[in-house]
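Work through the exercises below with the sequence and model open beside you. Each task is followed by a solution in steps.

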Amino acid sequence: MTLTAAAPLAPFANEPLLELRRGAERTALTQALADLDAHLPLRAPVIVDGAERGGLPRRSVDPGRPERVLARAGDASAEDAAAAVAAARRAFPAWSATPAAERAAVLVRAAARLRDRRYELAALILRETAKPWPEADADVAEAIDFLEYYARQAVALAEPRELVHVTGERNTMTYAARGVAAVIAPWNFPLAIPGGMVAAALVTGNTVVLKPSEQAPACAAALYDALRGAGLPAGALHLLPGGDEPARALVVHPHVHTIAFTGSSAAGRDILRKAADVVPGQHHLKRVVCEMGGKNVVIVDADADVDEVVPALLHSAFAFAGQKCSAAARVLVHADRYDALAERLAGAVATLEVGEASVFGVDVPAVIDPEAVERIARYTAMAHADGTVLAQAPLPAAASAAGGTYVAPLLVAGLPADCPLLHEEVFGPLLTIEPVASVDAACDIVDASPFALTGGLFSRSPATVAHVAARTPVGSLYVNREITGARVGRHPFGGNRLSGGGTKAGGPDYLLAFVEGRVVVENTVRHGMVV
Amino acid sequence: MPPVATPTAPAGPVPAEGDPAPPPPAVAGVEAAIPAIGTRLAKAMGRHHDPRAAIEARMMDRIADRPDLRAAIFRLVDVRPACRDYPDIAEHLAALLDEVAGRPPEGPVRSGDLPGGELPVPLGLARSLARRHGSRTLVGVAGAAGVRAMAGRFIAGEDAADALPAVRRLWKDGIATSVDLLGEATVSEAEADAYRDRCIEVLRTLSAGSARFPARPLLEHDQHGELPRVNLSVKVSALTPHLRAGAPGRGAASAAPRLREILRVARDLHAHVHVDMESLDHREAVRDLTLSLLAEPEFAAGPSAGIVHQAYLTDAAAELEVLLGWARRTPRAQPLSIRLVKGAYWDHEVVEAQQAGWTVPVFTDRRACDREYERLTDTLLDHADLVRPLIASHNLRSVAHAIAAQRARGLEPDAVEYQVLRGLGDPLAAALAAEGLRVRTYCPIGDLVAGMAYLVRRLLENTANDSFLRAHASGTALDRLLEAP
């Protein structure tokens with residue numbers, strides 16, 4: 001397929017979310033889900049250079065009803081990873097030499113393909129990760145946003161940078177693609193996060209090997225299809241569904257230049273360590289773009305509007321069963337408001353509806369897999385042993401009967417300061433609440449944490465807002481609102497400290513992580529004359 | 001992509017904004033009658049002017065030209081209930097005014113306005129006094145008193161017993177009331193139960209208290225029969241913690257048993273229950289819940305009940321057809337009351353739509369909205385034999401149009417009810433009563449903390465740049481105010 005340069009792009013605007021308050025939209029989604037169910041299982045094979053490799057021995061399932069198989073998936077090996085890197089390396093010269101505007105046009109066309117399949121993709125995300133409709137829809141919209149946003153950023157980045165000029169020399173600085181990028185993606189934003197990382201790497205001229213989460217290979221296959229269908233050359237993107245093996249092989253491969261990873265803190269640090277080693281045949285330092293866990297704290301000052309705080313906390317902590325790295329985990333409340341907020345929040349947690357993601361209005365769906373249930377159960381046991389459970393939402397018998405991996409949402413108080421539940425990422429529907437003597441005491445607690453991903457503040461004093469904003473180290477501080485739901489271009493997203501490398505996805509600087517600067521200094525003086 | 005219209009709202013002719021007004025229905029003489037009616041109302045309103053409200057209106061008028069100042073004052077009103085003590089109020093005031101002083105105003109600056117960032121003398125003084133230890137409490141006391149005075153204008157009392165004297169006074173003057181309970185947001189089942197219990201208690205208190213009110217035939221009878229003296233407005237969002245925009249059935253199912261209990265008590269006490277409309281997020285839940293309960297056999301004979309219709313929604317004409325269609329299919333001894341309002345969630349609707357990338361669901365042109373209001377008034381009055389039309393507006397032109405349209409149709413004076421908000425429409429209510437029309441004042445009750453969200457909304461409405469009340473207060477010529485929109 002020949003690529004043609006596109007017309008100048010209109011300014012970026014976020015993809016509209018579906019207006020779920022309209023009955024017609026809900027009907028359309030329900031229909032899309034029925035259509036999807038009629039076509040299960042889908043296929044998510046290993047694809048290198050546009051060709052399938054190996055069989056489909058793996059399965060992805062609906063966490064709410066595990067006997068429903070979403071996709072039969074490939075199980076990429078280390079050899080497959082090596083073949084993918086080799087193919088990506090072969091394709092790199094041509095793809096990186098393609099003008100930025102043409103690469104951007106591929107992303108824009110891929111975004112259009114996702115837009116055309118909006119309802120179907122939301123249904124797929126819902127089934128493969130038990131992500132309820134509003135969040136599943138937002139996932140598709142965010143994937144579209146990343147493609148559209150990075151397309152525009154890349155075109156701008158291709159312009160030479162402004163440098164200091166003096167007579168007799170011509171100085172230019174440009175950004176060049178680094179090489180082969182390995183993208184290792186999580187399941188919790190199964191379209192948006194791989195979509196964002198892959199789009200950023202591709203549009204800056206890198207070729208990409210994508211290793212999706214083993215829980216969500218079908219979503220990754222949909223992303224692959226959209227990009228290839230938009231005219232992306234077969235050599236520019238390779239797909240490696242499977243377990244840990246291909247991911248490990250990619251991290252240590254001498255010809256991988258950039259590793260973009262979103263996932264757990266432990267896995268991220270392991271990647272950083274291994275990527276630091278220069279192995280035989282490797283002629284560069286690897287760059288790791290990593291987004292890891294958090295323990296996100298919301299501070300509630302005495303002058304907060306409790307009417308606003310309760311719904312915002314409920315949504316931040318429990319939507320999608322708390323399985324967002326940005327989710328609220330710990331609330332620190334000014335002592336003057338503690339009793340009132342704890343009581344009202346407990347009453348609200350008890351109203352949470354646990355159930356199948358496909359039911360409109362369900363707040364807390366099944367968690368991703370039995371391993372997650374076990375992990376959360378360990379923290380739940382801590383809550384009961386060391387603290388006071390203020391509220392627990394009921395588990396519907398019917399949902400659990402289908403074998404779904406459901407966990408009861410919990411609000412916990414009275415934990416000792418050193419309890420792991422207050423310091424470790426649970427990644428589930430658990431929220432803790434503690435009184436603090438002042439906003440500064442809360443800031444001290446936040447500052448003592450190794451994590452710094454998101455944070456929240458409820459205060460109606462401009463002075464307090466400015467003070468906390470200056471003190472808090474988090475990547476994103478959300479004031480008087482929920483702390484999840486970052487939108488591309490409006491809320492650049494990425495953690496600091498042990499929560500990540502500090503890059504901000506969906507922000508103006510993100511693409512710089514995928515390029516290297518090249519400067520040319522040319523002497524224009526000939527025989528003492530400036531020519 | 002599939003269509004985005006709601007299944008219950010068939011694609012009707014939605015007037016494009018800014019279009020010239022289509023010709024009104026063929027009811028002769030309406031336009032010609034409006035100036036005389038409007039002028040007479042305006043004169044009568046002048047006789048009932050509250051001098052205290054006039055001073056406040058002038059103050060509001062001044063700050064309405066300074067969006068930054070307006071924001072600071074609203075934010076103080078908003079945070080007041082959460083302030084610990086007077087020094088705390090003073091600190092908040094100072095911090096909010098610092099913000100104003102630190103940046104230029106966002107609005108257009110006209111000659112005579114203060115230069116950017118500069119505070120009017122009293123507020124500048126308050127800001128510096130609030131910084132000093134000795135005078136901080138004083139500033140806090142003054143701030144609290146200011147907020148209390150503003151709240152008192154809009155809120156009739158702490159509870160039903162407290163509000164009863166005001167309700168009686170209005171009744172004696174020929175003005176009926178609808179009582180609305182202000183409260184914190186409902187986030188738990190217990191809070192929803194408590195709201196239901198307050199509603200029932202208010203029904204009982206007002207019912208007992210109003211039994212010996214003097215007879216006021218205009219307020220107690222219309223073309224469909226007897227009208228209750230006791231009238232309660234309820235909010236579905238207070239009856240359930242389960243409202244979700246994407247799942248109207250969930251909230252409706254949860255609120256249904258509580259609303260049913262209120263309806264039963266109202267039926268037994270011969271009181272009226274009016275279900276308020278809220279934001280578009282919850283329209284389907286509110287409408288479906290209300291209509292499905294009123295269709296239940298146990299409520300076929302009563303109580304008198306109603307719903308609210310918002311003219312600012314661009315699909316309002318289609319939505320009104322849904323209500324009228326229901327009324328046709330569902331004969332009740334007490335026909336459905338439909339309160340026609342412009343809508344009080346305009347900012348919310350616009351902001352939410354813009355943030356999510358949706359088509360803004362409300363008219364963004366005031367005149368287009370006013371035209372729609374008149375069209376809907378005509379439709380409602382054409383169906384006065386099917387439903388009870390309630391015209392709730394402070395816009396003199398909209399009200400004068402409704403009166404002219406009522407008379408042109410030969411409808412009796414009691415066939416249409418006019419409604420105003422306490423604190424904003426009191427002179428208009430008096431003028432309407434003097435005109436021999438049935439008028440009802442919407443009276444919120446509750447404490448200051450509870451009332452704040454309501455209060456802030458009313459204040460915003462009152463000082464909005466395109467507000468009719470503001471235009472009127474600032475002396476815009478009457479013939480301009482009465483022009484066809």
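Axes are lines fitted to C-alpha atoms, for helices over the stretch in contact, and angles run from 0 to 180 degrees between N-to-C directions. The model is predicted: local features need pLDDT of at least 70, side-chain atom pairs count only at pLDDT 80 or more, and totals for chains, interfaces and linings use all residues. Residues are numbered from 1 along each chain as its sequence is written, chains are lettered from A in the order in which they are written, and side-chain values use heavy atoms, without hydrogens and water.

**Exercise 1. Describe how α5(A) and α6(A) cross, and list the residues of their contact.**

Step 1. Find the helices. Helix α5 of chain A covers residues 133-157, and helix α6 of chain A covers residues 192-203. Helices (H or I, at least four residues) and strands (E, at least two) are DSSP runs, numbered from the N terminus.

Step 2. Take distance and angle. The two axes come within 8 Å and cross at roughly 15°. α5(A) and α6(A) are therefore roughly parallel. Angles under 35 degrees count as roughly parallel, over 145 as roughly antiparallel, 65 to 115 as roughly perpendicular and the rest as oblique.

Step 3. Assign the hand. The crossing of α5(A) and α6(A) is right-handed: clockwise turning of the near helix from the far one, by less than a right angle, gives this hand, and anticlockwise gives left-handed.

Step 4. List the contact (heavy atoms within 4.5 Å). α5(A) supplies A:Asp139, A:Glu142, A:Ala143, A:Phe146, A:Leu147, A:Tyr150, A:Ala151 and A:Ala154. α6(A) supplies A:Ala192, A:Gly196, A:Ala199, A:Ala200 and A:Val203.

Step 5. Sort by class. The contact of α5(A) with α6(A) has 10 nonpolar residues, one polar and two charged. Ala, Val, Leu, Ile, Met, Phe, Trp, Tyr, Cys and Pro count as nonpolar, Asp, Glu, Lys and Arg as charged, and the others, Gly among them, as polar.

**Exercise 2. Locate the cis peptide bonds at A:Pro41 and B:Pro303.**

Step 1. In chain A, the cis bond joins A:Leu40 and A:Pro41, with omega about -5°. A:Pro41 sits in the loop between α1 (23-38) and β1 (42-44) of chain A.

Step 2. In chain B, the cis bond joins B:Gly302 and B:Pro303, with omega about 10°. B:Pro303 sits in the loop between α12 (283-294) and β6 (304-310) of chain B.
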